[in-house]
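Thank you all for coming. I would like to walk you through one structure this morning, slowly and piece by piece, so please look at the sequence and the model together as I talk.

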Amino acid sequence: MSSPLVTVIIPVYNLAPYLGNTIASLVGQTYPNTELLFIDDGSTDQSLNLLEAAAEKHANIRIIQQKNAGQGVARNKGIEKATGEYITFVDGDDWIEPETLERAMDAALKENAEIVCFGYRIVKKRDEKPEVLYQFEYDPSAFINADPISCFLAENTPGKEVLNTATWGKVYKRSLLEAHNIRFRQRVFEDSPFMLEAVFHTKKLVCISGCLYNYFLRSNEGEASTMSSGFREDKAALFYQADQQMKSFLISKGVWAKYKNDFMRYHNARVIIYGGYFELYRNGGAVSKEAYRAFIKLLQKNSRDLGWEKASLYDTYGKRIPVLHVGLFLSRISPWLAHRYFSTYEKKWAFDKPSSAN
């Protein structure tokens, strides 16, 4: 069996403490034909020096520099410059198991698949030893006759036919991305719109077993990242923008009626996770007036897309859908009243704790 070239696209912005582990996992792949394309997104630390040193040792490493423009732009640059027949994405502080590309490409070639998905772990480090916080693994048999869009929109449900909607954890045939101009449309929350376009257009998607991608969570070390930093109005606004992109995409393709209920369920859970609710109220800390007013303003502005759909959601999210609606109603009277209701609910009535699994 031939071994088509696989381009691994790795955006890098000030990741010097973590790059060594990432580079080691990529140059140590058992798959023989890889191009490692690092996009330095205007790093101001030692990241570029580390990449240049690695490139001197490994002929398959290429480095592209750009002014800081965000991960989405960096990934687009990687797609533009990639020469591989297949593409995969790895974040600059994550790593993959040695057999990841070999197993993914074996499935891609045997099944003639345009997208191959594999499981992941969320890990953190203590004393240089990975600690697994959560892991997600596919049951390949569940996807044989599954609708990829329904699987995409099943995120945050406990079923077997659920796709991880992050861009990483997959290998893509580059011709799929080029034929449909599938690109990242914004700086952050860029993954899901990209993935929705990809699964909509693919003729064949397969999933393989195993947790092959390691997502390094840095939030407990006090480091900000797109998904783990504290509430910011601009970040939450970009979340809503990303979901609007997906809704508009489904409408433009004439399939909105078919997937409307699934999308609303998917969006409702994401409002709780990424719209600011969890960041402000989940852990019971102090919330500034400025923060809760900004959160409520966005909730009101986007209220037309907050539905009641919650069937099959993890209970952690499903039971908070009515809470959002009650708070939204109270906010019309007073933002402070809505804020007090959300705070009281989490402190006295929620009876659950944060979990990476749900």
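Let me begin with a question: is I296 buried or exposed? Before I answer, please keep in mind that this is a predicted model, in which local features need pLDDT of at least 70, side-chain atom pairs count only at pLDDT 80 or more, and totals for chains, interfaces and linings use all residues. Residues are numbered from 1 along each chain as its sequence is written, and side-chain values use heavy atoms, with hydrogens and water left out.

The answer is that I296 is buried, with a relative accessible area of 2%, where buried means under 20% relative accessible area, exposed means over 50%, and partly exposed lies in between, using a 1.4 Å probe and protein chains only. I296 is found in helix α11; helices here are DSSP runs of H or I with at least four residues, strands are runs of E with at least two, and both are numbered from the N terminus. Leaving aside neighbours within four places in sequence, I296 is in contact with S331, P335, A338 and H339, contact meaning heavy atoms within 4.5 Å. I296 and L328 are 32 residues apart in sequence, and their C-alpha atoms are 7.6 Å apart in space.

The axes of helix α11 (residues 289–301) and helix α13 (residues 321–333) come within 10 Å and cross at roughly 100°, the axes being lines fitted to C-alpha atoms over the stretch in contact, with angles running from 0 to 180 degrees between N-to-C directions. The two helices are therefore roughly perpendicular to each other, on a scale where angles under 35 degrees count as roughly parallel, over 145 as roughly antiparallel, 65 to 115 as roughly perpendicular and the rest as oblique. On the α11 side the contact is made by F295, I296, L299 and Q300, and on the α13 side by L324, L328, S331 and R332.

Staying with α13, its buried residues include I321, V323, L324 and L328, and the buried residues of this helix pack against α9, α10 (277–282), α11, α12 (315–318) and α14 (335–349). In helix α9 (residues 256–274) we find R265, which is buried, with a relative accessible area of 11%. Setting aside neighbours within four places in sequence, the contacts of R265 include L153, A154 and T157, and also E309 and K310.

Let us now turn to the strands. In strand β2 (residues 34–41), 8 of the 8 residues are buried, so β2 is largely enclosed by the rest of the structure. In a regular strand the side chains alternate between the two faces of the sheet. In β2 both faces are covered, with T34, L36, F38 and D40 buried on one side and E35, L37, I39 and D41 buried on the other.

What lies beside β2? Strand β1 (residues 6–12) runs parallel to β2 and is joined to β2 by 7 bridges, two strands being counted as paired if DSSP finds at least two bridges between them. Within this pairing, I9 stands opposite L37. Between the two strands the chain passes through helix α1 (residues 16–27), and this β-α-β crossover is right-handed, meaning that, with the strands pointing away from the viewer, the path from the first strand over the helix to the second runs clockwise. Strand β3 (residues 61–66) is also parallel to β2, with 6 bridges between them, and the bridge partner of L37 in β3 is R62. Together with helix α2 (residues 47–57), β2 and β3 make a right-handed β-α-β unit.

Another strand to look at is β9 (residues 205–216), which is largely enclosed by the rest of the structure, since 11 of its 12 residues are buried. Strand β5 (residues 95–96) pairs with β9 in the antiparallel sense over 2 bridges, and I96 has Y213 of β9 as its bridge partner.

Next, a point about the backbone. Most residues other than glycine have a negative phi.

Finally, how many disulfides does the structure hold? The number is 0, a disulfide being a pair of cysteine sulfur atoms within 2.5 Å. The cysteine sulfur closest to that of C151 belongs to C207 and is 7.4 Å away, which is too far for a bond.
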